[in-house]
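Please examine the structure below with its sequence at hand.

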There are 2 protein chains.
Amino acid sequence: MRGEREVFMRAHLGVLLGALTCAAALPAHAQTTRPPLVLQEDGSFFAGGAKTQVLHTGTNPDGSPAPSGTAFIGHAYVQYRIPAERNAIKVPLVLMHGGRHSGATYETTPDGREGWANYFVRRGFATYVVDAPGAGRSGFNGEAINKARVEAKPEIAPSIGIATAEAAWANFRFGAKYPETYPGTQFPVSTLDAYYPQWVPSVGGTAAIAQWAPGLISVLDRLGPSILMTHSASGGPGWQTALQRPDKVRAVVAIEPGNCTVADADLPKFKSIAVLVVFGDYTEGSTWADRVVACRAFVQKLSAAGGTAKFLLLPEAGLKGNSHMMMMDKNSDDVAGLVNEWLIAAVK
Amino acid sequence: MRGEREVFMRAHLGVLLGALTCAAALPAHAQTTRPPLVLQEDGSFFAGGAKTQVLHTGTNPDGSPAPSGTAFIGHAYVQYRIPAERNAIKVPLVLMHGGRHSGATYETTPDGREGWANYFVRRGFATYVVDAPGAGRSGFNGEAINKARVEAKPEIAPSIGIATAEAAWANFRFGAKYPETYPGTQFPVSTLDAYYPQWVPSVGGTAAIAQWAPGLISVLDRLGPSILMTHSASGGPGWQTALQRPDKVRAVVAIEPGNCTVADADLPKFKSIAVLVVFGDYTEGSTWADRVVACRAFVQKLSAAGGTAKFLLLPEAGLKGNSHMMMMDKNSDDVAGLVNEWLIAAVK
């Protein structure tokens with residue numbers, strides 16, 4: 001082993017020392033003094049979905065309809081970063097975004113800091129960031145849009161859910177009313193123009209989310225037992241995934257889930273699944289108030305049944321000012337720190 | 001400096017040695033013996049685009065139209081990996097995918113090997129993988145689809161270009177005719193089902209590509225002087241970008257560009273831009289035959305005018321069997337090796 005280590009050191013010491021002396025001609029985002037990320041693997045794959053016959057595939061440059069054929073629909077794009085040194089929790093951490101977002105949610109924050117994907121890599125987790133079926137690099141099924149045009153049936157065109165600053169504002173709790181901000185908000189509102197482009201359209205509106213649990217299940221069927229982090233609209237699909245694959249979900253970290261709707265009869269399935277539900281600040285009187293109540297009750301039921309479950313309202317834990325997009329908030333590392341601490345204690 | 005290095009080594013040696021001994025509970029893709037990727041930075045940003053008022057933003061759960069508001073449209077998602085040790089070429093390498101694809105083009109190949117993004121990181125390039133405006137994590141403008149439905153005007157719904165196996169087959173030169181494969185093809189045809197999910201729909205068909213040059217220009221305006229790699233449909237936008245920002249493009253590597261259409265009057269703008277055009281095998285008699293002729297002539301004109309330009313037909317360089325998707329072909333490292341060699345010689 002010593003021999004191998006020596007070969008390894010000889011091969012990589014230059015690389016590491018180079019990091020200290022490298023003269024850079026790169027933009028500001030590259031001019032940091034962070035220690036390097038040392039990744040054993042960095043890559044991507046697609047999970048789930050199926051080949052499907054598509055009749056309406058678009059229009060040729062001459063205006064004629066393109067021929068029917070075999071497309072691939074319903075899959076999830078998954079990007080992984082596996083650190084060279086992993087922590088004691090040997091199962092992957094799968095991170096799923098919310099509605100009208102993509103996996104970019106967990107990458108660089110709007111104000112240019114490292115996001116949660118890298119935060120957890122640096123703490124030794126193998127992280128897998130998912131683009132939900134229908135979102136981002138997973139693509140979407142556009143056939144109904146073509147059909148609406150070709151067959152002159154406008155009513156069958158799906159709704160394209162387009163996020164707007166006005167609609168997001170109070171719902172994401174940047175402030176009580178657009179464009180006013182809460183005085184103590186942790187959301188980096190001075191860099192909102194770097195956040196807005198994260199939004200991707202939702203094809204089929206809320207119906208599109210029906211594909212998310214099958215997408216997550218495909219990911220877990222490929223990875224095996226994992227920790228699942230959900231956000232907002234992926235909260236419900238996360239619970240469904242846990243119920244359908246209780247042997248493949250070691251823990252669920254639900255960041256402001258859209259619901260905590262699990263039938264009492266299903267609670268025993270969470271016996272070996274640790275659950276953490278996190279909400280931020282300003283929830284009282286917001287669109288999230290009822291969910292805070294329902295999720296706290298859900299966690300209490302899980303605990304009462306002997307499960308490992310925690311409800312974390314950030315202001316109660318001393319973190320003030322957090323928005324719905326807490327993985328981008330200025331204190332995002334502090335929030336991630338609480339999640340990390342809980343994971344270390346709860347996941348064996 | 002020696003002191004700093006010692007601190008650095010003490011902080012990171014454990015991480016590196018850990019890579020040799022780490023007991024893994026991860027799937028096969030994580031079980032490799034490659035040396036780790038050592039990244040000084042790993043993150044993403046969005047370039048270009050603008051806030052815009054959108055009238056038709058989709059349908060509420062109760063079926064009523066969602067209110068108008070401010071969305072963000074036309075931007076490009078950019079994901080970067082900056083190695084700790086960079087090579088002598090101090091400018092970034094920007095990689096742009098082709099039509100109906102996303103930046104996943106340059107990630108893990110369908111048969112599970114490292115893609116070109118990592119290949120070039122391992123050779124010391126700061127790489128920036130772009131999702132074109134309208135594709136993948138860049139999202140698209142869905143307003144016209146909503147308008148077609150709400151105002152019952154099906155004719156204004158954009159064409160959604162959906163890639164099919166049958167249409168891609170001969171065009172990407174997997175074989176002469178679907179589903180037959182060329183006997184010597186380098187494309188990993190046994191893992192086609194891991195390739196098909198890479199396809200993303202193109203909203204607006206070919207018209208969508210009008211946003212690509214502005215997208216690339218925004219990326220370069222943020223990064224400064226760079227090397228630009230294009231593929232297929234991004235070939236034309238790549239030349240346009242070079243013509244509009246000759247001071248910010250050090251080199252263009254055009255992988256099977258959709259065209260090599262540059263007016264003679266514009267050739268002097270390429271004086272300080274090195275150009276490499278690469279085509280694979282089986283182009284004779286294919287949809288690419290005319291482009292091979294046109295691109296060879298373009299390169300000859302650039303050379304005659306004193307520019308640094310090379311036309312690389314892979315079979316002429318001894319590499320046989322390459323498809324249009326050569327960054328995924330089984331010999332993708334050999335192709336990248338030729339590109340890397342050329343870059344080292346051509347870019348000062």
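In this predicted model, helix α7 of chain A is largely enclosed by the rest of the structure, because eight of its ten residues are buried. The buried residues are Gly235(A), Gly236(A), Pro237(A), Gly238(A), Trp239(A), Thr241(A), Ala242(A) and Leu243(A). Which elements cover the buried residues of α7(A)? The covering elements include the helices α6 (212-223) and α8, together with the strands β7 (226-231), β8 (249-255) and β9 (274-279), of chain A.

Aromatic rings come next. A pair of aromatic rings is described by the distance of the centres and the angle of the planes. Over all chains, a search of the whole structure finds 45 aromatic pairs. In one of these, the ring centres of Trp239(A) and Phe298(A) are 5.0 Å apart and the planes stand at 70 degrees, so the pair is edge-to-face; planes over 60 degrees apart are counted in this way. This pair links distant parts of the chain, since Trp239(A) belongs to helix α7 (residues 235-244) and Phe298(A) to helix α8 (residues 289-304) of chain A, 59 residues apart. Trp239(A) counts as buried, with a relative accessibility of 1%, and Phe298(A) also counts as buried, at 4%.

Another edge-to-face pair is formed by Trp169(B) and Tyr178(B), with 5.2 Å from centre to centre and 85 degrees between the planes. Are these two residues buried or partly exposed? Trp169(B) is buried, with a relative accessible area of 2%, whereas Tyr178(B) is partly exposed, with 32%. In chain A, ring pairs link Trp169(A), Phe172(A), Phe174(A), Tyr178(A), Phe187(A), Tyr195(A), Tyr196(A) and Trp199(A) into a cluster. The charged end of Arg222(B) sits over the ring of Phe45(B), 3.9 Å from the ring centre, and that of Arg291(B) sits over the ring of Trp288(B), 4.1 Å from the ring centre.

Side chains of opposite charge can pair when their charged atoms come close. The count of salt bridges over all chains comes to 32. Asp193(A) forms one with Lys51(B), the closest N and O atoms being 3.2 Å apart. Because Asp193(A) lies in helix α5 (residues 192-195) of chain A and Lys51(B) in strand β1 of chain B, this pair joins two chains. Asp193(A) is partly exposed, with a relative accessible area of 41%, and Lys51(B) counts as partly exposed at 46% relative accessibility. In chain B, the side chains of Glu114(B) and Arg122(B) meet in a salt bridge with an N to O distance of 2.7 Å. Glu114(B) is buried, with a relative accessible area of 13%, while Arg122(B) is partly exposed, with 29%. Salt bridges that share partners also join Asp42(A), Arg137(A), Arg81(B), Glu107(B) and Asp131(B) into one network. Within this network, the side chains of Asp42(A) and Arg81(B) meet at 3.0 Å, N to O.

The contact between the chains can now be considered as a whole. How many residues does the contact take from chain A and from chain B? The contact takes 109 residues from chain A and 109 residues from chain B. Together the two chains bury about 9,000 Å² between them, 61% of it on carbon and sulfur atoms. Ten salt bridges are counted between chain A and chain B, and 39 residue pairs are found in polar contact across their interface. Helix α1 (residues 2-21) of chain A supplies 14 residues, the largest share of the side of chain A that touches chain B.

One residue shows this contact in detail. Glu41(B) is placed in strand β1 (residues 37-54) of chain B and is buried, with a relative accessible area of 2%. A polar contact of 2.6 Å joins the side chain of Glu41(B) to that of Arg34(A). Leaving aside neighbours within four places in sequence, Glu41(B) is in contact with His29(A), Ala30(A), Thr32(A) and Arg34(A) of chain A, and with Tyr80(B), Arg81(B) and Ile82(B) of chain B.

Notes
Residues are numbered from 1 along each chain as its sequence is written. Chains are lettered from A and ligands numbered from 1 in the order in which they are written. This is a predicted model: local features need pLDDT of at least 70, side-chain atom pairs count only at pLDDT 80 or more; totals for chains, interfaces and linings use all residues. Side-chain values use heavy atoms; hydrogens and water are left out. Rings of Phe, Tyr and Trp (its six-membered ring) pair if their centres lie within 6.5 Å; planes under 30 degrees apart count as stacked, over 60 as edge-to-face and the rest as tilted. Helices (H or I, at least four residues) and strands (E, at least two) are DSSP runs, numbered from the N terminus. Buried means under 20% relative accessible area, exposed over 50%, partly exposed in between (1.4 Å probe, protein chains only). A charge sits over a ring if NZ of Lys or CZ of Arg is within 6 Å of the ring centre and within 35 degrees of the ring normal. Contact means heavy atoms within 4.5 Å. Buried area is the accessible area (1.4 Å probe) that two parts lose on being put together, summed over both. A salt bridge is a side-chain nitrogen of Lys or Arg within 4 Å of a carboxyl oxygen of Asp or Glu. A polar contact is a pair of N or O atoms within 3.5 Å; within protein, one must be able to donate a hydrogen and the other to accept it, and residues adjacent in sequence count only if both atoms are side-chain atoms.
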